[in-house]
Amino acid sequence: MATLALSNLTKAWSGKTTVHGIDLEIPDGAFVALVGPSGCGKSTTLRMIAGLEEVTAGEIRIGDRVVTHDEPRDRGVSMVFQNYALFPHMTVRDNIGFGLKMRGVAKDEIRRKVEAAAETLELTALLDRRPNALSGGQRQRVAMGRAIVREPKAFLFDEPLSNLDAQLRGQMRAELKKLHQSIGTTTLYVTHDQVEAMTLADTVVVMRDGRIEQAAPPAEIYRNPATKFVAGFVGTPRMNFSEAEIVDGPALRLDRGPVLPLPPALAARPGMTPGRRVTMGLRPEHVGAAVPGTPDGPGIVEARVELVETLGAETLVHVRLGTAPICAKLGPFAAAKEGETVRLELETSEIRLFDTETERAL
Amino acid sequence: MSTMVTEGRRSSIAPRVASYLLMAIMAVLALYPLVWMALGSLKSGGEFYTNIWGLPADPQWRNFPDAWVRGGLGIKFLNSAIVTFGTLAITLPVTSIAAYAITSMDFRGRSLAYGALLLGIMIPFGVTAIPVFSVIAQLGLLNTRLALVLVYSAQAVAFSTFLMCAFFQSLPAEIEEAARLEGCTRFSAFWRVMLPLARPGLAAQAVFVGTTAWNEYFLASLIIRDPARETIPVGLVSFTGRYATDYPALFAALTMATLPLLALYLLAQKQFVAGLTGGAVKG
Amino acid sequence: MTGAPALSRAARARRLRTDLTGWAFVAPALLLFLLFVIWPMGHAVWISLHRWDGLGQMAWLGLDNYRFVFGDKVFWKAMHNTFIYAFGVTVAKNLLALGLALLLNRPLRGRGFFRTASFTPVVLSFVVVGVLWSWIFDPTFGLLNAVLWALGLQGLIQGWLSDPDIALYSIMFVDVWKWTGYHTVLFLAGLQTIPSELIEAGRLEGKPRQVFRHVTLPLLMPVVAFSVLLSIVGAFVSNYDLVRVMTQGGPFHSTEVALTWITTTAFRFNNFGKADAMSVILFLIVAVLGAVQFLLMRQRGRG
Ligand SMILES: Nc1ncnc2c1ncn2[C@@H]1O[C@H](COP(=O)(O)OP(=O)(O)OP(=O)(O)O)[C@@H](O)[C@H]1O
Ligand SMILES: [Mg+2]
């Protein structure tokens, strides 16, 4: 186990830069999730750390060793691939023990360790099968076993659960969490799935176009996204955005829409001069149905329902406020009908503002 | 709809009979010459001329040992085996490790190396026979089996590497990467993981390269002059020249020369067809 | 900052290690190929500019050998035959194979046996095939004339290999006999990649012949192109064995092909300079065809 530190890590393919000088330090034993849209450079970053891609510039440190240009085998990291990359011609036992064998570990010890790992992952009954005789979930476990048995300094995961069905994914997620709690190895985990990122990680790193947008604990990422991009990327349904203008008060007027009060912390900030253009963000769960009989007031708006999605546990109601489409997350079986007008209450204290130009949070 | 079906059924009997007839003619054409060869090998010298296509009246089994001894077929089989297995022993490892490097390693000049090898696919080797002969003479390798092994291997290199590259490309790259993360050097990743996975590709190639080497005549006839080093095709042609009148013996020799490959083909048809039509069918 | 040069040295070391390993892995293959394929051709170009008997001193001739070649009637005859041979067998093999493949692609019982049967000659060596067919073609004791006699077709009885007007075609027939099964397999593989729904959809719309012309054939075209080129290039260079074994180029050069004449020039007339000049010319012709074939194959590999 060791810290994993990237400084100014850069990757360019024949002139086209896809990872732009990433700085990131993962403390010993931490679990960091790397999320971002497709093609933003997550896999590339991971593969540079593993030594599978050459580094164009920058440095990778594992523990107190600089490994930037070491061969993959000399870095002491394990990787679990999306397609598991098991060796098809070896049994489960040989797959798991392969790394130990290549490192010259004695046969008895390999046997002992492989069986211990198999025990943890409930693979004991499958040890003598070949990978093609296993289910997706079992293959996933074998890949995991191959990764843990070597007691590496760090684990690298590249979307390890994305080939599993939803139910199995949930189950494996829980097991992964338990596994990390029990062995505590430093982990960098690439995923598309925000639920995975939010539930597993101590720190979530959001990447976009080869740059880190924000690195913070899950709750922080969710509550205080550093940029409009992060705000929109994390959370389902997506955060509502509306172009707006600061007006006297200071308050906020959505374009061709209602005027809303600003949360005190934002209102007190310097630079909230009337006429300034900003982007407002408000999560769907902070848009609720107004309790019948509530008098008109700040945050109470009326809007025509454009679309209703009944999901069971909640109902998503889509309306339009001014120019902006707004989604409201209401309780189960909320009685809203398309074409009718509803009264909504916005939790204005949860409003976030982003600079229209830089898209950074204010 | 229903009229169509009945129509189809009514008219499908005649074509089916015609199909079988055509296929039967084809099968007879393809196989009868071989049957005729086998039958001829059992006839006596006189019967060969008089009973052209009947069964042998009194099978002359001793034609076989006679031909074997007179043609020195034992040594020729041995030579062919040496040359064929020698060629395989060079071609398979050499081309698979080259293909591994070309598909999985990002070394400078790899497209150059690959391009150079691919040139070889375009070269019709028959045309190079006389030039190759001169080079073999220069190297002092005339009249050696080693020369045949080297030349056959060299001629197989381009196509085999091309096929192995296609094979390796069909494997997920992550398998090789996982091997290296697990502690393999490039060579051990090749040796312990990629090569075992390439077994089907290697088998197809062994068939292709092996059959070509076993059957090659042109170069062997130029390079080998000593009867004790002749391969089977060269030996058969010498036999034809020397015993031009003893047809049953000649046919016995032909039959014996044909049997090994024919038997292999019948035992492992799938591999043979796949191997010989290799890259062509693959795409 | 002091770390920077050390870092790039490490980076360079890794690059170098990869490069050296890569080249070490391809070196044996490249070496073999250069030594026994590329070098001989370069060497041949050099020799073709000299008078050389294969043993003694070489004497510079410049392009004279090429002039001799172009003035050589037998060479032209041989080239003419080579082209007839290559294109003749190509057309015949592919048409027959296409027909057979269409037959064998239907769900007929026993087609496995027919497929095995038609592929059998592919496995045999040209020498065996050549010797065997020489005797089938034998005018007095051969199988073919015996069959014709038995069928009452005496009028067709020929000196299959001794009549200069027929001999080349007899040899071409044997080539076709040996390879048709091979191309059948190619076409069968191609046919099996055509989705059966397409054919069925076509069948609802039109007659079988139209389905073949407008659905099957266009989809099979890449395979046809490949198979045709394969047989042309193959026929240019694989005719040596058959001709050598069956007629030795006779009678009266009527079955002489480029390769037999090249070999005769080198070993009978001890004229390696001229033989290599002919090799170079033939090489260029076939390399063009080979290049087209290769490009097609690459395309198929990608697709
Ligand atoms: N070998 C390569 N050559 C050139 N460009 C590449 C190569 N590999 C990846 N890229 C580019 O680098 C960028 C980042 O790719 P990467 O695979 O890291 O994305 P990712 O974030 O993992 O995406 P996904 O979520 O789809 O897996 C992409 O634009 C991709 O096209
Ligand atoms: Mg990825």
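B:K76, B:F77 and B:S80 in α5(B) touch B:I232, B:P233 and B:G235 in α13(B). Welcome to this predicted model, in which local features need pLDDT of at least 70, side-chain atom pairs count only at pLDDT 80 or more, and totals for chains, interfaces and linings use all residues. Residues are numbered from 1 along each chain as its sequence is written, chains are lettered from A and ligands numbered from 1 in the order in which they are written, and side-chain values use heavy atoms, leaving out hydrogens and water.

**The helix pair in chain B**

- Helix α5 (residues 73–104) and helix α13 (residues 232–242) of chain B pack at an angle of about 150 degrees, with axes 8 Å apart; helices (H or I, at least four residues) and strands (E, at least two) are DSSP runs, numbered from the N terminus.
- Axes are lines fitted to C-alpha atoms, for helices over the stretch in contact, and angles run from 0 to 180 degrees between N-to-C directions.
- α5(B) and α13(B) are therefore roughly antiparallel to each other (angles over 145 degrees count as such).

**Around ligand 1**

- Ligand 1 has A:W13, A:T18, A:S38, A:G39, A:C40, A:G41, A:K42, A:S43, A:T44, A:E159 and A:H192 around it, each with a heavy atom within 4 Å.
- Helix α1 (residues 42–50) of chain A gives the largest share of this shell, three residues.
- An N or O atom in the side chain of A:S38 is 2.4 Å from an oxygen atom of ligand 1, a polar contact being a pair of N or O atoms within 3.5 Å.
- A polar backbone atom of A:C40 lies 3.2 Å from an oxygen atom of the ligand, and a polar side-chain atom of A:H192 is 3.4 Å from an oxygen atom of ligand 1.

**Backbone features to look for**

- Most residues other than glycine have a negative phi, and most peptide bonds are trans.
- A:E122, which is not a glycine, has a positive phi of about 55 degrees; look for A:E122 in the loop between α3 (107–120) and α4 (136–148) of chain A.
- A:T236 and A:P237 are joined by a cis peptide bond with omega about -15 degrees, and A:P237 sits in the loop between α8 (228–233) and β11 (240–247) of chain A.
- In chain C, a cis peptide bond links C:G250 and C:P251, with omega about -15 degrees.

Note on methods: A polar contact is a pair of N or O atoms within 3.5 Å; within protein, one must be able to donate a hydrogen and the other to accept it, and residues adjacent in sequence count only if both atoms are side-chain atoms. Angles under 35 degrees count as roughly parallel, over 145 as roughly antiparallel, 65 to 115 as roughly perpendicular and the rest as oblique. Contact means heavy atoms within 4.5 Å.
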